[in-house]
Amino acid sequence: MTSLLSQNINNIVIRPVQYRDLDDIERLSQESFAAQNLSSEHFATQQAEKLRRNFGLLKFLSWFPNPLQHRLCAYVAEQGRTMLGIVQISPFNKTRSTWRVDRVMLEKSVNKQTIGSQLLRYCFESILEARTWILEANINDKEGLALYRQNGFQRLAEMTYWEVEPELLASLAQAEPDLPNLLPVSNADAQLLYQLDTASMPPLVRQVFDRQTHDFKTGLIGALADAVKQWLTKSEIVSGYVFEPQRKAAIGYFQLRIDRKGEAAHLATLTVHPAYTWLYPELLSQMARITQDFPCSSLKVASADYQPEGEEYLEQIGASRIEHTLIMSRSVWHKVRESKFVSLEGIQLPEMLQGLQPARKPIPGGMLWKQEKKLEMLERAKLNQLNKLPKDNIALPYTKSNVEENNQLPSTDTQES
């Protein structure tokens, strides 16, 4: 990542976020989520409080490589001392070839298309290692979708978020899941999980996400950070995958983040191989049975439009749709304008070679001089065979003159008589 320098465009300065911006960030968060519902506004307030408590630590961790280095990667647009907007970004994969726009928050009184575009373009120009950018926006956010499309983002996939009520979870937990080869997840299974992730999505999504095997591994520092986070948030992570011994491949995977206090919903991630869609009810029953050991709470799970079987099953059991979003992507590689390519198939021979047009239709099988050469060689071979034979045994060609000469010769019997 390049050095972050202030940029002045039309008296608007774009700079990294500072501690004095936290009050404005909290206000913008509450205003942006207030239009949705009270729970979202409460969630935004909690996130702002966590940012205020951990700002110094996150700022310190951003100075050297570590799993939390880019947790506080945000830029502010201000004019004078007035904040106009903020953008927060983060790497999507471990190679940092794909980056994600986490959120863009703008003041109501500003031109959102202009300020938002300047913030996004500043990110595109600053993060030189990013080859692809992705983001997720609600389908009802018309202003946000217009801003993203103006800056080159296009539709990649659609996501639907479902909520399974506690009563429905209790009924699903009564069924015994048929998962004989359910195994816990470790770093040794990273290759299997990578192959499952590759098979479960279309090629375009796979190319944009650009995940590798090490994206499914957890390092020592990352494991310690997850343990501390679980201890602070009173949560627990349970994961597992279904192994197919004949194909020696993973055909299903789930990760369940459980809230041990029961104040928030449990979060689930579900991935199923397209050839084993019968695993959806089995894995969901397994997760439902796990949640029964904790305080009663609902379960939230996401499904993509390229996994229609999962969406059909969730709708069939009576899960509630709570949000519908759009995943958009933008590539930094711009198409170079090239000269028009002239195909050789479109070029007609008579137009190019006016003086070399054939006198007659070509005969397949070789050139004419080769045929004449072949006939000449055959004639010479016949003459050589005739020269080797005795003269008495030479058979004259059957012509009219030869027949007449033979008729004029007297027969042998007549001469003897």
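I started with Thr291 and looked up its relative accessibility, which is 5%, so I logged the residue as buried; the cut-off for that label is under 20%. I note here that the model is predicted.

I then placed Thr291 in the fold: the residue belongs to helix α9, which covers residues 279-291. Next I asked which residues Thr291 touches once those up to four places away in sequence are set aside. I found Leu169, Leu256 and His266. I also checked where the side chain of Thr291 makes a polar contact, and found the backbone oxygen of Ala288 at 2.7 Å.

I took the strand as residues 82-91 and looked up its burial. Eight of the 10 residues are buried, so I recorded β4 as mostly covered.

With β3 (residues 74-79), I found an antiparallel arrangement over six bridges. One bridge I wrote down sets Glu78 against Met83 of β4. The β3 and β4 hairpin has two residues between the strands, and I noted a positive phi near 75° at Gly80.

With β5 (residues 98-106), I found that β4 runs antiparallel and is joined by seven bridges. Here I noted Pro91 opposite Trp99 in β5. For the hairpin of β4 and β5, I asked how many residues lie between the strands. There are six, and I logged Arg96 in this hairpin with a positive phi near 60°.

Key:
Residues are numbered from 1 along each chain as its sequence is written. This is a predicted model: local features need pLDDT of at least 70, side-chain atom pairs count only at pLDDT 80 or more; totals for chains, interfaces and linings use all residues. Side-chain values use heavy atoms; hydrogens and water are left out. Helices (H or I, at least four residues) and strands (E, at least two) are DSSP runs, numbered from the N terminus. Buried means under 20% relative accessible area, exposed over 50%, partly exposed in between (1.4 Å probe, protein chains only). A polar contact is a pair of N or O atoms within 3.5 Å; within protein, one must be able to donate a hydrogen and the other to accept it, and residues adjacent in sequence count only if both atoms are side-chain atoms. Contact means heavy atoms within 4.5 Å. Two strands pair if DSSP finds at least two bridges between them.
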